[in-house]
Amino acid sequence: MTEKPAQSSVQLTDPRALRAYAHPTRMSLSGLLRREGPLTATRAAQLTGESVASCSYHLRVLAKYGLVEEADPEGPGREKPWRATAQFTDWPGYSEDPAVAAAAEALTAAVAENYFHRMARAQDARRELPRAWQEAEVFTDTTLYLTAEELSALGKRMAGLLAEFADRGADPALRPEGARRVPWLQIAFVEPEPADPANPADPADPAGPTDGAGAGTESGEPS
């Protein structure tokens, strides 16, 4: 089997690719390969609880859009291993194309829902964690008043801090003893202004149209 280092991210801009990736099983398989791969469809089925046929099908869909690839094209059928092509998945935060904007928005919603369920499961099992881990976990929020430029700059600064630990995701040998898998969510959104009761057509009405999808960068960690 030939090992090949994955690129840092794969960009999804085709509405068909965005819609395809919004499937929970595909997101789970993509993350599993990034963390544990290369894997065969049979091994992926054992780790996800899906059937081998289901994993084989979803892996082929992921390959169609460049998210995974065969690690050994000569391997037999479902026993050929697959690997991730990147460690992260990126998609547009804004698009002039309504189809791209709608598909990106749907993917963002799917990823958010996936993380909500994962966080809920983690909370259910939290009592089983040692005290040090319970005290180290972060669950907080802060409201800031920023310009669009400041928000963008803050995101880049946070990304720089997290990049210090990024190599550990792809190389288990770099993980110190006692390290655990810790999803770190970054969510910053513009709070809609309250509508002016005297002006029902107020463009700040939160029920009004949006400008498209939110920015997306996701590691594809298995659920």
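How many aromatic pairs does the structure hold? The structure, a predicted model, holds zero such pairs. An aromatic ring does, however, take part in another kind of arrangement: the charged end of Arg 180 sits over the ring of Trp 133, at 5.9 Å from the ring centre.

**Overall architecture**

The protein chain contains eight helices and five strands. Read from the N terminus, the elements follow the order β-α-α-α-α-β-β-β-α-α-α-α-β. The chain has 223 residues, and 29% of them count as buried. Its accessible surface comes to about 14800 Å², with 54% of that area belonging to carbon and sulfur atoms. Among contacts with a separation of 6 or more, 69% are between residues 24 or more positions apart.

**Helix α4 and its surroundings**

Helix α4 covers residues 52-64, which gives it 13 residues. From its first C-alpha to its last, α4 reaches 18 Å, close to the 18 Å expected at 1.5 Å a residue. Buried residues in α4 are Ser 54, Cys 55, Ser 56, His 58, Leu 59, Val 61 and Leu 62. An α-helix has 3.6 residues a turn, so residues three or four places apart point the same way.

Which elements do the buried residues of α4 pack against? The table lists these partners.

| Element packed against α4 | Residues |
|---|---|
| α1 | 15-21 |
| α2 | 24-36 |
| α3 | 41-48 |
| β2 | 68-70 |
| β3 | 82-84 |

After α4 comes Gly 66, whose phi is positive, near 80 degrees.

How values were computed. Residues are numbered from 1 along each chain as its sequence is written. This is a predicted model: local features need pLDDT of at least 70, side-chain atom pairs count only at pLDDT 80 or more; totals for chains, interfaces and linings use all residues. Side-chain values use heavy atoms; hydrogens and water are left out. Helices (H or I, at least four residues) and strands (E, at least two) are DSSP runs, numbered from the N terminus. Buried means under 20% relative accessible area, exposed over 50%, partly exposed in between (1.4 Å probe, protein chains only). Contact means heavy atoms within 4.5 Å. Accessible areas come from the Shrake-Rupley method with a 1.4 Å probe; for residues, only the protein chains shown count as cover. The expected span of a helix is 1.5 Å times one less than its number of residues. Rings of Phe, Tyr and Trp (its six-membered ring) pair if their centres lie within 6.5 Å; planes under 30 degrees apart count as stacked, over 60 as edge-to-face and the rest as tilted. A charge sits over a ring if NZ of Lys or CZ of Arg is within 6 Å of the ring centre and within 35 degrees of the ring normal.
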